Amino acid sequence: MKSAWRSPERSKSKGPGCKRVAFRLFVCFMVGIFIGFTPFFSVDVSQKIVSRLPFDDGVDDKVKELDAIVVQKEVEVIDEPEVEPQSPPVPAMLDDEVDFVEAAKPAITDLVIPVRKLLIVVTITSARPQQAYYLNRLAHVLKGVPPPLLWLVVEWPVTTFETAEILRSSGVMYRHIVCRKNLTSVRKIAVCQRNNAIYHIKKHHLDGIVHFADEERSYMGDVFEEMRKIRRVGAWPVANHDASKYRVVIEGPMCKGNRITGWNTIQKKGAPRRFPIGFSGFAFNSTMLWDPQRWNRPAMDSVIVHSGGRGGLQESRFVEKLVKNERQIEGLPDNCNRVMVWNFALEPPQLNYPTGWSLWNHLEVDKEL
């Protein structure tokens with residue numbers, strides 16, 4: 001029965017061991033309580049510990065000196081005046097030009113974009129040997145005119161591929177229309193073409209300055225800029241070449257400023273013309289064709305070119321429907337002292353191909369060479 005027997009010395013030794021453990025637990029508990037309540041005390045332990053160090057006086061003096069230096073630097077920085085950033089130095093030779101350059105800069109509100117009137121240039125044409133030469137020459141002049149400009153080309157009796165190619169390569173905004181009437185008279189064909197252009201302007205309400213620019217005429221680019229000054233109707237002198245007498249005759253208005261005082265004319269026979277001027281010598285506002293209320297006039301459906309009349313009567317009768325007298329026509333340029341349109345008789349009256357030559361349409365191409 002060894003398990004039931006216990007030594008009395010071993011049982012006595014357990015009593016003091018339990019007391020030690022209990023004491024240690026009590027001490028740890030008290031330390032925890034002390035640490036837990038420490039933040040509620042106002043005692044600054046760190047200051048007391050530092051104050052007890054033997055070299056605390058030297059440290060305080062150094063800290064005070066550093067604080068004084070920092071405060072002094074801050075005061076100097078505050079007292080210094082603010083310096084604005086300077087632009088890069090300008091060379092001496094440009095100093096005098098700086099004020100001029102700055103003054104020349106326009107404000108955004110002062111910028112004025114010029115508004116130009118639309119020019120509607122009507123040209124009648126037909127297939128013939130000189131057609132390409134005339135169209136390319138006129139296209140070269142129109143290309144140099146500042147936009148906006150619309151080239152209204154009227155062809156008879158059909159629109160040809162060659163004419164369309166010239167217009168596409170001209171670099172000018174254009175419209176290609178056609179007069180399909182079966183006519184034999186050259187004068188009536190021209191009337192049909194010009195009236196088709198007038199109907200096109202009325203239908204689409206094109207707003208601009210209309211001029212009938214014949215492809216045979218030679219133009220200066222300045223005449224188109226002068227057209228943009230027209231309010232109602234404008235006219236200018238034209239130089240006509242008289243091939244029979246080898247001379248040039250001026251036909252058109254005589255002006256004092258922009259006011260027309262008379263006319264230069266070469267007409268000697270036939271009915272007198274109220275306005276002795278040709279189609280290449282005047283231009284008018286397109287709104288007179290489709291907006292008569294703007295001009296305080298009745299409906300002007302009859303403003304077309306009539307086939308009757310020769311020797312310039314067509315042009316005179318057309319102008320008579322637009323104005324009543326010379327006061328409503330503006331002379332261009334000032335004093336009408338410049339010639340900007342020439343009429344040269346370069347095309348022969350009849351051009352015949354050599355004997356034995358024939359023209360055939362829709363020829364087949366022989367690829368076997």
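User: What kind of model is this, and how are residues numbered?
Analyst: This is a predicted model, in which local features need pLDDT of at least 70, side-chain atom pairs count only at pLDDT 80 or more, and totals for chains, interfaces and linings use all residues. Residues are numbered from 1 along each chain as its sequence is written, and side-chain values use heavy atoms, with hydrogens and water left out.

User: How many disulfides does a search of the whole structure find?
Analyst: The search finds two, a disulfide being a pair of cysteine sulfur atoms within 2.5 Å. Counting bonded cysteines along the chain, the pattern is 1-2, 3-4.

User: Which residue is joined to Cys179?
Analyst: Cys192 is its partner, with an S to S distance of 1.8 Å. Cys179 lies in the loop between strand 3 and helix 7 (186-204) and Cys192 in helix 7, so the bond ties together parts that are 13 residues apart in sequence. Helices (H or I, at least four residues) and strands (E, at least two) are DSSP runs, numbered from the N terminus.

User: Why is that disulfide right-handed?
Analyst: Because the torsion about the S-S bond of Cys179 and Cys192 is about 100 degrees.

User: And Cys255 with Cys336, what is the handedness there?
Analyst: That link is left-handed, with -55 degrees about the S-S bond. Cys255 in strand 8 (residues 247-256) and Cys336 in the loop between strand 11 (329-331) and strand 12 (341-343) are 81 residues apart.

User: Is Cys28 buried or exposed?
Analyst: Cys28 is exposed, at 55% relative accessible area. Buried means under 20% relative accessible area, exposed over 50%, and partly exposed in between (1.4 Å probe, protein chains only). Cys179, at 0%, is buried, and so is Cys192, at 7%.

User: Turning to helix 6, which of its residues are buried?
Analyst: In helix 6 (residues 161-168), Thr163, Ala164, Ile166 and Leu167 are buried. They cover an arc of only 160 degrees around the axis, which puts them on the same side of helix 6; the arc is that of the directions from the helix axis to the C-beta atoms. Phe161 and Glu162 are exposed on the other side.

User: What do the buried ones pack against?
Analyst: They pack against helix 5 (131-143), strand 2 (149-156) and strand 3 (174-178), where contact means heavy atoms within 4.5 Å.

User: Last topic: where is Val27 found, and how accessible?
Analyst: Val27 is in helix 1 (residues 8-37) and counts as partly exposed, at 35% relative accessibility.
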